[in-house]
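Please look over the sequence and the structure shown here before reading the notes, which are grouped by topic.

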Amino acid sequence: MTSTSATTHSGPLSFEQKLQNYADLTVQVGAGLSPSGPSAGQRVLIQSPVETAPLARAVVDAAYRAGASFVDVRWDDDAVVRSRFLNAPEGSFESISRWRVDAELEVARAGGSVIAIRATDPNLLGSADASRVTAHQRALAQYRRPYSQLQMSNRLNWSLISAPVAAWATLMFPELSEQEAVAAQWDAIFAATRSDQPDPVGAWRAHLALLRARREVLTGKQYRALHFRGGGTDLSVGLADNHIWGGGSALTQPGEYSGGGTEFTANMPTEEVWTAPHRERVDGVVISTKPLSYNSTLIDGIRIEFRDGRVVAATARQGEATLQQMIATDEGSHRLGEVALVPHSSPISRSGLFFYNTLYDENAASHIAIGAAYRFNVQGGIDMDSERFLAAGGNESLTHVDWMIGSADMDVDGVGQDGSHEAVMRSGEFVI
């Protein structure tokens, strides 16, 4: 990755410098844009809430500096979304704004890049009828599936970031005034994304190199399964045949719309390495170690039992009805699509903050995901049809929801093809 404008500073950075660093990192490290190479001259779509317009505009500027040919912004607005779910008539929630999805697909099919700033009030739809939200999300996921398949096959360079909005900030920092909470949330985001460091691009290069080394070691092991033990969890997660571990950056794959070869980092921040479980080889009990903020509901104390890869029992101390709705999305949402390892000492874990946002919270703990698997986590998976992908152990679903299971009490063993066990993590930290 090439740095086009992030600079090295001495002394404390101003807010403006950190914001520019964040925008440059989003474009150069996240989306992987560069004036030269395979991403030169790309078209870019930025999705942003109206509340995060200053960051979106900084990302637009950074994208043009990095050689983008055309940058467009699709604006979102929490107030408009809330009004619909509270006031629209029954029977109307399967109607979706197709043009919003079409914009993503148009850019992807033009060989472009999509950058999403996801920032919303975690309680936005807390007072709305949950069945309305579920009906809309299912319809949206079905229509969006062609674009999601391009994402999950690394057919385009895309990146997901976030930024403070007042309602989210005051939920994270309830003891502070709104202005103070937003400032505190900016500090937390800048720290998590290394935007507050003198050489943020250099810091990210070093971090991505460590993740790359770890994923290569794990891919080489070709464990038959991972065994999680601790805090009430006793779970064997079989791994897909010929699985590949991901972590940090990735390369876009050549396809119908792009020649491939662009290095990008889909999530910022990212502290995980992950791969595809085998959809039929997950057995045991798993208990969440952090709450999950999902559909404006806080789900806490999740306990799920798996047998032959499928959920056979699921409860939660809080938000159980929402958990059950999530699992009932389709057949694939009864199975796992991701298993990820994160050290307990990760920066987000050390911060002690709960973000109410999976982009951040999943990087504080090892986690698993209900739903679809990433095709690039299986050797040759991006070119497989559904039948072959499922036969290799991959999972398909309209949903993909990560929830946290790691802690300082968690031990993880790799189970070899011969049934032997090897320590991978002890007390939440890597030992390989």
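Across which strands does helix α1 lie? Helix α1 (residues 15–31) lies across β3 and β4, and runs at about 145° to β4. This is a predicted model, in which local features need pLDDT of at least 70 and side-chain atom pairs count only at pLDDT 80 or more, while totals for chains, interfaces and linings use all residues. Residues are numbered from 1 along each chain as its sequence is written, and side-chain values use heavy atoms, with hydrogens and water left out.

**Terms for the fold**

- Helices (H or I, at least four residues) and strands (E, at least two) are DSSP runs numbered from the N terminus, and two strands pair if DSSP finds at least two bridges between them.
- Contact means heavy atoms within 4.5 Å; axes are lines fitted to C-alpha atoms, for helices over the stretch in contact, and angles run from 0 to 180 degrees between N-to-C directions.

**The parallel sheet**

- An open sheet is formed by 4 strands in the order β2-β1-β3-β4, and their pairing is parallel.
- Strands β2 (70–76) and β4 (158–161) stand at the edges with a single partner strand each, so one side of each is left without a neighbour in the sheet.
- On average, neighbouring strands of this sheet are turned by 15° against each other, direction ignored.
- Strand β3 (residues 113–117) runs parallel to β4 and is joined to it by 4 bridges, with Val114 standing opposite Trp158 in β4.

**Strand β16 and its antiparallel partners**

- Strand β16 (residues 336–341) is mostly covered, since 6 of its 6 residues are buried (buried means under 20% relative accessible area, exposed over 50%, and partly exposed in between, with a 1.4 Å probe and protein chains only).
- Strand β10 (residues 273–275) pairs with β16 in the antiparallel sense over 3 bridges, and Trp274 stands opposite Ala340 in β16.
- Strands β16 and β17 also pair in the antiparallel sense, over 4 bridges, and here Glu338 stands opposite Ala369 in β17.

**Salt bridges**

- Side chains of opposite charge can pair when their charged atoms come close.
- With a salt bridge taken as a side-chain nitrogen of Lys or Arg within 4 Å of a carboxyl oxygen of Asp or Glu, the count comes to 20 salt bridges.
- One of them joins the side chains of Asp383 and Arg155 (3.1 Å, N to O).
- Asp383 lies in the loop between β17 (367–371) and α12 (386–391) and Arg155 in the loop between α5 (130–151) and β4, so this pair ties together parts that are 228 residues apart in sequence.
- Asp383 counts as exposed at 59% relative accessibility, whereas Arg155 counts as buried at 19%.
- The side chains of Arg212 and Glu263 meet in a salt bridge (3.4 Å, N to O), which links distant parts of the chain, with Arg212 in helix α8 (residues 200–221) and Glu263 in strand β9 (residues 263–264), 51 residues apart.
- Arg212 is partly exposed, with a relative accessible area of 27%, and Glu263 counts as partly exposed at 23% relative accessibility.

**A nonpolar surface patch**

- Val217, Val431 and Ile432 form a nonpolar patch on the surface, with about 220 Å² of accessible area together.
- Patches are made of residues with over 30% relative accessible area and no salt bridge, joining like charges within 9 Å and nonpolar side chains (Val, Leu, Ile, Met, Phe, Trp, Tyr) within 5 Å; accessible areas come from the Shrake-Rupley method with a 1.4 Å probe, and for residues only the protein chains shown count as cover.
- Val431 is found in the segment after β21 (429–430) and counts as partly exposed at 46% relative accessibility.
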